[in-house]
Amino acid sequence: MKDILTVLITGTLLLFQVSAGAHEPITGPTPFGEPGKPSQVDRVIKVDMKSMRFDPNRIKVSTGETIRFVITNSDPIDHEFVIGDAAFQDLHRKEMVQMAQMGHVMTHVDSNAVTVGAGQTGKLIWTFSREGRFEIDCNIEGHFEAGMSAIVDVGPAN
Ligand SMILES: [Cu+2]
């Protein structure tokens with residue numbers, strides 16, 4: 001069991017380093033799903049970013065569902081919308097803090113992450129190919145801590 005965990009964590013670490021370091025998008029399966037194709041969208045879910053919150057902040061999908069998220073940022077500041085498991089989000093938050101301390105503003109056009117500017121609308125298509133509880137977080141420094149986190153429960157396939 002411990003070995004499986006190590007492999008999973010190491011895999012996530014590598015995935016993160018590749019995606020953050022080289023700015024290469026995630027193109028294949030991850031522990032929390034995979035990039036979705038427009039032709040496979042099953043459902044559209046609208047998410048509002050407002051007052052440092054995601055609305056809704058609880059989303060239920062079925063394993064295998066491909067969701068097109070339409071994300072509106074109603075706040076006067078930028079936010080990001082990042083799909084991941086807890087380990088991925090934690091690593092990403094640390095990276096964001098490091099980048100901010102170096103004076104960099106990190107923006108995303110990755111397959112599992114999009115930065116949405118103040119008053120803007122973004123979109124992202126993701127296939128939830130694995131059952132489990134995942135998170136949508138905004139990892140801009142201080143935002144997650146202020147409550148910018150939503151839970152995605154991926155239940156059994158329909
Ligand atoms: Cu935010």
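In strand β10, isoleucine 151 is the bridge partner of glutamate 135. The strands β9 and β10 run antiparallel and are joined by 6 bridges. Strands here are DSSP runs of E with at least two residues, helices are runs of H or I with at least four residues, and both are numbered from the N terminus. Two strands count as paired if DSSP finds at least two bridges between them.

The model is a predicted one, in which local features need pLDDT of at least 70 and side-chain atom pairs count only at pLDDT 80 or more, while totals for chains, interfaces and linings use all residues. Residues are numbered from 1 along each chain as its sequence is written.

**Overall composition**

The protein has 2 helices and 10 strands, and its elements follow the order α-β-β-β-β-β-β-α-β-β-β-β from the N terminus. Of its 158 residues, 34% are buried; a residue is buried if 20 or more other C-beta atoms lie within 10 Å of its own, exposed if 12 or fewer do, and partly exposed in between, with C-beta atoms placed from the backbone. Among contacts between residues at least 6 apart in sequence, 77% join residues at least 24 apart. A contact requires C-beta atoms, placed from the backbone, within 7 Å of each other.

**Strand pairing**

An open sheet of mixed pairing is formed by 5 strands in the order β1-β8-β5-β2-β3. Its edge strands, each pairing on one side only, are β1 (34-35) and β3 (53-55).

| Strand pair | Sense | Bridges |
|---|---|---|
| β1 and β8 | antiparallel | 2 bridges |
| β9 and β10 | antiparallel | 6 bridges |

The covered face of β10 holds Ala150, Val152 and Val154, whereas Ser149, Ile151, Asp153 and Gly155 form the uncovered face.

**Nonpolar core**

In soluble globular proteins, nonpolar side chains tend to be buried together. A nonpolar core is a set of buried Ala, Val, Leu, Ile, Met, Phe, Trp, Tyr and Cys residues joined through C-beta atoms within 7 Å. The largest such core has 28 residues, and Ile71, Phe81 and Ile136 have the most contacts inside it. Elements giving two or more residues to this core include β5 (66-73), β6 (79-84), α2 (86-101) and β9 (132-137). Leaving aside residues up to four places away in sequence, isoleucine 71 touches Val47, Met49, Phe81, Val114, Val116, Thr121, Gly122, Lys123 and Leu124.

Technical notes
Contact = placed C-beta atoms within 7 Å.
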